[in-house]
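Hi everyone, thanks for coming.

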Amino acid sequence: RSLDFGWWLEIEMVVEGEVRLPAAVKEAVELLAGQIRQEPLAQSSSVAMNTAKLLRAVVSALALNGEEICVVGLRQVGRVLYEASPLVFVVENTVRRVLRIVREAFELARQSAQTKIAEKVYTDENETEDSPDLDSMMSSKKAQTELNQEARKEIMELIDEHSSEIETASDSIIEQAVGHIHAKEVILTYGGSKTVELFLLEAAKKRKYEVIVVENAPSCDGHKLAKTLAIEGGLDVTLIPDSTVFAIMSRVHKVILGTHAIMANGALIASCGTHLTVAAAKFHAKPVVVVAGLYKLTPGFPHDRDALNVTLSPAAVVPYR
C-alpha cells in the first residue's frame, strides 16, 4: 500500500538527542512501522519505496534547520522503523543511504558556500580596507540559510534518484536474462519471487526452456509463480514439493533464486528451504544465480542464524480447531 506524506513538516527543537516531531509525522511513521510489523515478508521494493518516500518528507522540513537536526531526525525515524521488524533489511539500507546523502550534500554545500564567500571577501579587500573575515560571514544567519536551502535541494534530488533506482532495479536485472538462460535448459527456482518471475518471463520471449518450481510449503507461493510462467510465458512448468528437490536436481542445468537481503559475506536471507536447494545444487555441481537489486545489499553479517529467522504462527500447517 502506498503512503501519502503530503504535508509540510515543522521542526520545533532537539530535546535530549531526539527531534520533537509534529503529531502528523509520528502518525505516518507509526503507520509504516505497523505495516512492516504486520507483513515482515512483504515485497522488498515496495517497502524500500515507502521508506524513501517517508524519509524524503522528513528531510524536506528538517534540512532547513541544519545538518545536525536533520541527521538526528532521520536516525530517530529509522530507529522506529528498525524496531518494528529488524529483519526487514531494506529499511535499514534505505535509512543509511539517505543519511550518507545528507552528510555529503551538506559537505558540498559548505564547500560551495566557502568558495563563494572567499571570492567575495577577496573582492571586498581590494575595494576597502575594512571588510569582514571568512569565518564571520560563514556563521551569519543569511549564509546558513542559503547553505541549508542549497543542501536541501540537492538532498531531495538525490533521494528522488535513489527512489528511481529502486523502481527500475528489476528492469536492469531482466535485461540480462537472455545471457543467463539458454534454449532447452531446465531451470529450477524456489518459491515465488517477483524479480525471478520477471527474469524468467523476459527470457521466455526469446528462449524455449523448462522450469521446475518448488512450491515452498506451507505458504505455497510457488503455485502462483508456476501458473504465471505457464500462462503468460508459455513455458513447460513442473511444480514439485520441497521434499523432492534433491532427487530432481540431477536433471537441472541451473538454479535461479530470489532473496530478501544479501549480507556482507555473501550470505542470503531468503525463504526457508533455500539452503536445502543450494546444498543440493552444490552436491550435484549445478550453478546458482541469485537475482536481487542493489538496495538489498546489507553491510551486516549473519552472526546468529536463530536471530535471523522470522517465526510465524503454526496455524497455517496445524489449525487450532
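Before anything else, "contact" here means heavy atoms within 4.5 Å. Helices (H or I, at least four residues) and strands (E, at least two) are DSSP runs, numbered from the N terminus. This is a predicted model, where local features need pLDDT of at least 70, side-chain atom pairs count only at pLDDT 80 or more, and totals for chains, interfaces and linings use all residues. Residues are numbered from 1 along each chain as its sequence is written, and side-chain values use heavy atoms, with hydrogens and water left out.

Okay, helix α9, residues 194-204. Buried means under 20% relative accessible area, exposed over 50%, and partly exposed in between, with a 1.4 Å probe and protein chains only. Eight of the 11 residues of α9 are buried, so the helix is largely enclosed by the rest of the structure. Among those buried are Phe 199, Leu 200 and Leu 201. And what covers the buried residues of α9? The cover includes α7 (169-174), β3 (186-190), β4 (210-214) and α10 (222-231).

Now over to strand β9, residues 288-290, where we find Val 288. Val 288 counts as partly exposed because its relative accessibility is 36%.

Last stop, the second largest pocket. A pocket is an open set of points on a 1 Å grid over the protein atoms alone, with protein on both sides within 12 Å along at least five of seven lines; lining residues have an atom within 4 Å of a point. Here 17 residues form the lining, and Arg 97 and Glu 165 are among those nearest the centre. Helix α4 gives the largest share of that lining, five residues.

Methods
1 Å grid on protein atoms, 1.4 Å probe; cavity = no way out; pocket = protein on both sides within 12 Å on 5 of 7 lines; lining within 4 Å.
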